[in-house]
Amino acid sequence: MPARARALSIWDPAIVAGAVAGAVRKLDPRQQLHNPVMFIVEAGSALTTLIFLQEVLAGTGRPLFTGQVACWLWFTVLFANFAEAMAEGRGKAQAETLRRTRTDMVANRVGHDGRVTTVPASNLECGDIVVVRAGELIPTDGDIVEGVATVDESAITGESAPVVRESGGDRSAVTGGTRVISDWIRVKVTAERGHTFVDRMIALVEGAERQRTPNEIALNILLALLSLVFLLVVATIRPLASYAGAEIPVTVLVALLVCLIPTTIGALVSAIGIAGMDRLVQHNVLAMSGRAVEAAGDVNTLLLDKTGTITLGNRQATAFVPLPGISAADLAEAAQLASLADETPEGRSIVVLAKDRYGLRACEVGDRTSAFVPFTARTRMSGIDLDGRQIRKGAADAVMAHVREKKEEIPPQLEATVDRIARSGGTPLVVAECGRPLGVVHLKDVVKGGLEQRFAALRAMGIRTIMITGDNPLTAAAIAREAGVDDFLAEATPEDKMALIRREQREGKLVAMTGDGTNDAPALAQADVGVAMNTGTSAAKEAGNMVDLDSNPTKLIEIVEIGKQLLMTRGALTTFSIANDVAKYFAIIPAMFVLAFPQLGALNVMRLSTPESAILASVIFNAVIIIALVPLALRGVAYRPLGAATLLRRNLLIYGLGGVVLPFAGIKAIDTLLTLAGLA
Amino acid sequence: MLTVSLVLVFVIAVIVGTSIPLGRHIARVFEGRSTLLDPVLVPLERGVLRLAGVDAGRQHDWRAYARALLLSNLVMWLAGWAIVTLQHHLPLNPDGIGNMEPTLAFNTISSFATNTNLQHYAGETALSYFSQIFVVTFLQFVTAGTGIAASVALMRAVAGARSAVGNFYVDLARATVRILLPLALALATVLLWQGSPATLDGAATVVTLEGHTQIIARGPVAAMVAIKQLGTNGGGFFGANSTHPFENPTPLTTLLEIWAILAIPMAMVWTFGVLVKRRRLAVMVFAVMLALFVPLLALGLAAEAGRSPEPAGMSVGPVDAAMEGKEVRVGTALTALWSVSTTATSNGSVAGMHDSLTPLGGLAAMAGMWLNTIFGGVGVGFINMFVFIVVAVFVAGMMIGRTPELLGRKVEAREMKLASLALLWHPLAILVGTAAACYVWSATTGSGSALGWLRNPGPHGFSEMLYEFTSAAANNGSGFEGLGDNTPFWNISTALVMLGSRYVPIIVPLALAGSLSAKPAAPETAGTLAIDSATFGVTLWAVVVILGLLMFMPVAVLGPVAEHLAGG
């Protein structure tokens, strides 16, 4: 679905049609109450309409002028509503597709007695066990408790290639609405009714649960202040002008008020917020709160896992370096035995290298009595116990600790070899048998292309990248240098990661990280921006405040950029909106007072033809600029990874200076058109 | 004109130059480091504190600090009001001046307690020497001290003081005894030497050359004039203020008094730089203030020095400079410098009648008070700029793609609420006040020739009312005059405006700084907004100018601009 959403153009006809209808529906004053700026405009529109009707019925005043002002004021409200409806419309289209997957799902619930009954998916409770067979939809979110299956998750991720899900480990979570393609699984339901991932996604893209973010609230306060100031300015004009004997019509005052209050940003502010979330959805990222999107823009530190993010994730064994007195073939054999049960790319590459170099066949060991020792984050070793042989392989310090535990000597050559490999950027994997070190397997990491420039760009934005790796410090340093990250955390345990995040936060920094495993969950929860991979466990997904459906850890960089772009768009349009007022003053004030003080014609620097045309041109400009800026609000301002000083200078020039100058030209042009058309 | 400009540039350069060491000195005093005058002044300060029973070791958070500020000001207000309404029965009244009428006393005490010094009376006929010394001069010291103390507390909060921002009473004593007192003593001595009187004898009666008898008012003038200028007070001993030769006897005193008007307000910016340990930031703020000051000065100067139309009823032809209402000894250039300085800084002393300024010269004076942050009143000018800085940080911060931060602390909803409140008060007081005055005037004054409390018709009359509320709201105190302002309407309305305009813009920004300082500070990186940069300086300047323009352009157009365009 999001894959298709990505293709939606801003002006998709279906969305535009829906938005037009939505714009009219949103005229309901109750809907306007949440936006003080637009509420004032709507009240002004209603007031001028009444004056227009009264003028028409009584045959007094200037109904043509009043009518046009009223008309354009209504358009101002409609344009603002349209902008919001456009932003919402894109989400609604996506929600519709999602909803279709949810309807009419049934579940095969396994009762306490083991009997399977078919129930509607909506009846499932947390903790229920369901069986899902090939071809069936998984009814709700849960963890696989038994079985392995390939699952088509395209309904959620847009990715058509099926993925493998199995019980235990970090690949056990399944999402309601996805389809089992082969085999069967038993799933324990983990989501409350109505709170499944798809439910949350629908609510999110529809904007139903949209709460204003802290910055948006603060901005709304500033906009309310400006509106109040202008309300004050306009409200005092009548008594002030009464001193000079000037009678200022209410229509003109309403027009001035609407022109002065920050309608441009007021009209677009919620559209900007919705569009920011939508941009994330288009990048296949689901943010659980708008707060997280804003926080992403403020991030000071990015924690990136080395594997899969900075390197391609498949370190390859490239050499066996035996210790003196041990033959390379012996080392290779031991390393291969220790790797037989190791399904990681590294493990497989050791088996393959041993086979290629020394002709050792993996299957030869298959029938002997053996016990595999799996890798854990704590021991950071794996291996095999086979016919009395205890073979271990793992990180240098872990194996050395193991050797010391067995009261065996650590030959100096071992440390030298480990150092040499590590310093070259490789990963030394030490192999030991019964506590006696045999030698080192040289694993090499492949750093992804193009990352160095991205890290440099982040640095320019003031964001520090820290690489997290289980490697030893030397290896980590070499890769960190190659990839161009600012810092690294080597030999990292989940506790180290947590401690690092806490330390950064104590210094007032905001930290972003990605993670997928259950042991990442505490760190994901602690980080200010925690992006969980969709392939990860439900614990990780619960802990983070964003989920990346593509499970691409590099996405963190885009998320930061989207967060920044959201704030920049708000700031740029606020500046533009306020800067616009200068020209409007020069259009309306002479027009308003020129009857009482003819000399004020000198202030009519734009040489607008009549007072009516000047006021009308300002009101029209004020309305039209909203529509003109809708694409900018939805797309966001152009984002470039520059330092703060350069960004500020650029945006000030474009939106500040541009905002002062543009309306002078715009109002003059509209005034000319109005005069030509004989409307004022 | 060129020579005049060069002289003015030199004068301003000297004032700016001397403000730097003065600012550092003020910072030293408040940081508790030793200064040259310690041997004399520290015991005096301790004595004052002990006398008042202040526990100097106690630290206040911003709330307690604000409470102490309000309480002490209330006590001084009540005491002052009691003295002037009973002055006839009190000593030091050689000229037998009567008690002050209650609404005028309400206005007068509110005016001096708020560092405004708006005077709806003439000192020589309305106040006894006792009132001049123990009410007016006393309040001129302590209200200036209050402003300095409040701004220092704000600076400490900005610098990151988490909870304690200082002890108000200690800060007040330090500001008054160790900063204002020695400066005022020195200045008063020079004034005395130059011819200002300092006596408790009653008015002198002399026989003129023509044989007439003339009564010449005098009194303890020199001491009051010194603190009037240094503390951005502005309230003169005489109704004619510094146009009176006893308040400003010589060209030297003219220059010294201009220096005294600007010195401490300028110095407070440098004090800020030292207290928050950001010199560059102080330079930026100072540059922004100077960049607001210079255009206004240029406008005032050009307007006053330009040819003015033939004065009504005199067949002398157009005159080369607008000399009407100016003290000949001071001249147009220095009057322009004085009028722009005194309004920019919320001082309010005058060396020429502002009612007689050309319309644009009057506009320059009013604009300084509308912005009210171009150096501003001692202490409070910087506090006002702080609010503008918060707003500018908010807008600029978003434009660089981050949640806005001020020195690493996030500017969020609560801060924007407080900044909004502080910003809203000023236009509210001026616009609503002037609108009310226009309404009352229109309702009570018949059409035709009747002018009511105005002395001039048309836009100039409008400016007279606008200026009065502007001066009250900016705690400036200068009068445009030409307004019959000693009426219950003006006495009460301007007193209320002065009180609100003093305490809202002190307490609210203090709360704002307190709210910011409670937050954790993020470290500065290439991605954070450098608020000491020239780019941010331009942003801040534009925010001040545009907000000021948007708030006050309609009244500016109805008053001075309309008058100017009619005359041109």
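Author: Helices here are DSSP runs of H or I with at least four residues, strands are runs of E with at least two, and both are numbered from the N terminus. The model is predicted, so local features need pLDDT of at least 70 and side-chain atom pairs count only at pLDDT 80 or more, while totals for chains, interfaces and linings use all residues. Residues are numbered from 1 along each chain as its sequence is written, chains are lettered from A and ligands numbered from 1 in the order in which they are written, and side-chain values use heavy atoms, leaving out hydrogens and water.

Reader: Where does A:Gln599 lie in chain A?

Author: A:Gln599 sits in the loop that runs between helix H21 (555–593) and helix H22 (611–635) of chain A.

Reader: Which residues does A:Gln599 touch?

Author: Contact means heavy atoms within 4.5 Å. Leaving aside residues up to four places away in sequence, A:Gln599 touches B:Ala562, B:Leu565 and B:Ala566. The A:Gln599 side chain also reaches the backbone oxygen of B:Ala562 at 2.7 Å.

Reader: How many aromatic pairs are there over all chains?

Author: A pair of aromatic rings is described by the distance of the centres and the angle of the planes. Rings of Phe, Tyr and Trp (its six-membered ring) pair if their centres lie within 6.5 Å; planes under 30 degrees apart are stacked, over 60 edge-to-face, the rest tilted. By this rule, the count over all chains is 24 aromatic pairs. One of them is B:Trp370 with B:Phe552, stacked at 5.3 Å centre to centre with 10 degrees between the planes.

Reader: Why does that pair tie together parts that are apart in sequence?

Author: B:Trp370 belongs to helix H12 (residues 359–371) of chain B and B:Phe552 to helix H17 (residues 534–567) of chain B, so the pair ties together parts 182 residues apart in sequence. Both B:Trp370 and B:Phe552 are buried (under 20% relative accessible area; exposed is over 50%, partly exposed in between, with a 1.4 Å probe and protein chains only).

A tilted case is B:Phe469 with B:Trp490, at 5.2 Å centre to centre and 40 degrees between the planes. This pair links distant parts of the chain, 21 residues apart: B:Phe469 is in helix H15 (residues 458–473) and B:Trp490 in helix H16 (residues 488–517) of chain B.

Reader: Are B:Phe469 and B:Trp490 buried or exposed?

Author: B:Phe469 is buried, at a relative accessible area of 1%, and B:Trp490 counts as buried at 0%.

Reader: Which residues form one aromatic cluster?

Author: B:Tyr129, B:Phe237, B:Phe238 and B:Phe246 do.

Technical notes. A polar contact is a pair of N or O atoms within 3.5 Å; within protein, one must be able to donate a hydrogen and the other to accept it, and residues adjacent in sequence count only if both atoms are side-chain atoms.
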